Amino acid sequence: MLGDMNSIFISGAANGIGKAIALRFLESGWLVGAYDIAPVEYDHPNLVSGYLDVTDAKSWDDALADFVTHTGGLITVVVNNAGIIAAGNLSDISPDQVTSQVQVNCAGVTLGAQAAKRYLRAGSTVVNLASASAIYGQPGIAVYSASKFYVVGLTEALNLEWRTDRIRVVAIWPLWVKTALSDNDAASIKRLGVRITPEQVADTVWQATHPKSRWHRGKVHYGVSAVDKVFYIARKLSPVRVARTVTRLVAG
């Protein structure tokens with residue numbers, strides 16, 4: 001019924017960053033698919049919501065197939081937002097906490113991109129939520145940090161793999177955001193604070209999916225705040241020993 005509208009599918013959209021992205025695009029007249037393992041409890045005439053377990057390939061197939069019945073069969077933007085964290089030293093967290101982070105943060109993003117590909121067209125964009133913790137491995141959240149390195153690598157690979165299809169794949173790299181995910185004892189939270197809002201991340205997703213020029217269309221990685229942008233650039237320019245020392249001071 002709304003197939004001529006621009007459309008966006010968002011995983012983990014019940015709360016936090018996913019909800020903020022949904023509301024940002026709804027305000028701009030898009031058709032929004034908000035899917036989550038938890039109930040989506042907000043409403044809008046242009047909102048389609050439903051169940052999605054990102055670790056289950058069939059759940060991805062079912063959710064996307066449901067959404068495209070409203071879009072005419074294609075999707076303009078897919079946002080792999082769902083993610084979890086279990087803070088603590090690797091020796092202190094349980095094996096289940098290790099595997100669940102890998103399943104949601106790594107397999108979930110990969111299965112999402114794989115399942116969504118058939119519904120994307122030239123000009124579509126896949127947005128993967130990475131993290132500033134992928135700038136250099138973070139102690140105390142090692143598995144989460146490593147999972148975001150995976151997201152970055154997958155993003156870069158698919159950006160090249162799908163280039164001939166003219167499908168962009170980009171990554172968003174925020175520091176800690178004011179959501180339930182940042183309610184933990186990570187040392188970097190104590191030192192840097194939690195200053196980014198979900199709405200700021202949503203605005204960055206909007207910018208990433210609306211490139212203003214050919215140069216902007218070639219951009220793959222997006223920071224959110226001035227601080228995470230500085231960290232990202234500094235890491236690229238710094239020797240490994242310097243990056244390690246800075247990370248130890250911030251997160252050690």
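Helices (H or I, at least four residues) and strands (E, at least two) are DSSP runs, numbered from the N terminus.

This is a predicted model: local features need pLDDT of at least 70, side-chain atom pairs count only at pLDDT 80 or more, and totals for chains, interfaces and linings use all residues. Residues are numbered from 1 along each chain as its sequence is written, and side-chain values use heavy atoms, with hydrogens and water left out.

Stay with S1. It runs parallel to S2 (residues 31–36), and five bridges join the two. Strands pair if DSSP finds at least two bridges between them. S1 is also joined to strand S4 (residues 77–80), again in parallel, by three bridges. Here phenylalanine 9 has valine 78 of S4 as its bridge partner.

How enclosed is strand S1? Five of the five residues of S1 (residues 7–11) are buried, so the strand is largely enclosed by the rest of the structure. Buried means under 20% relative accessible area, exposed over 50%, and partly exposed in between (1.4 Å probe, protein chains only). Both faces are covered: Ser7, Phe9 and Ser11 are buried on one side, Ile8 and Ile10 on the other.

On a 1 Å grid over the protein atoms alone, a cavity is a set of points where a 1.4 Å probe fits but cannot get out; lining residues have an atom within 4 Å of a point. The volume of the largest cavity is about 30 Å³, counted as the space filled by probe spheres set on the points, which are joined across faces, edges and corners. Helix H3 (residues 95–116) gives the most to this lining, with three residues.

Now turn to a loop. Arginine 166 sits between helix H4 (142–161) and strand S6 (168–173). Its phi is near 60°, a positive value in a residue other than glycine. Arginine 166 is exposed, with a relative accessible area of 60%.

Finally, the whole chain. It has nine helices and seven strands. Buried residues make up 48% of its 252 residues.

Definitions and conventions
1 Å grid on protein atoms, 1.4 Å probe; cavity = no way out; pocket = protein on both sides within 12 Å on 5 of 7 lines; lining within 4 Å.
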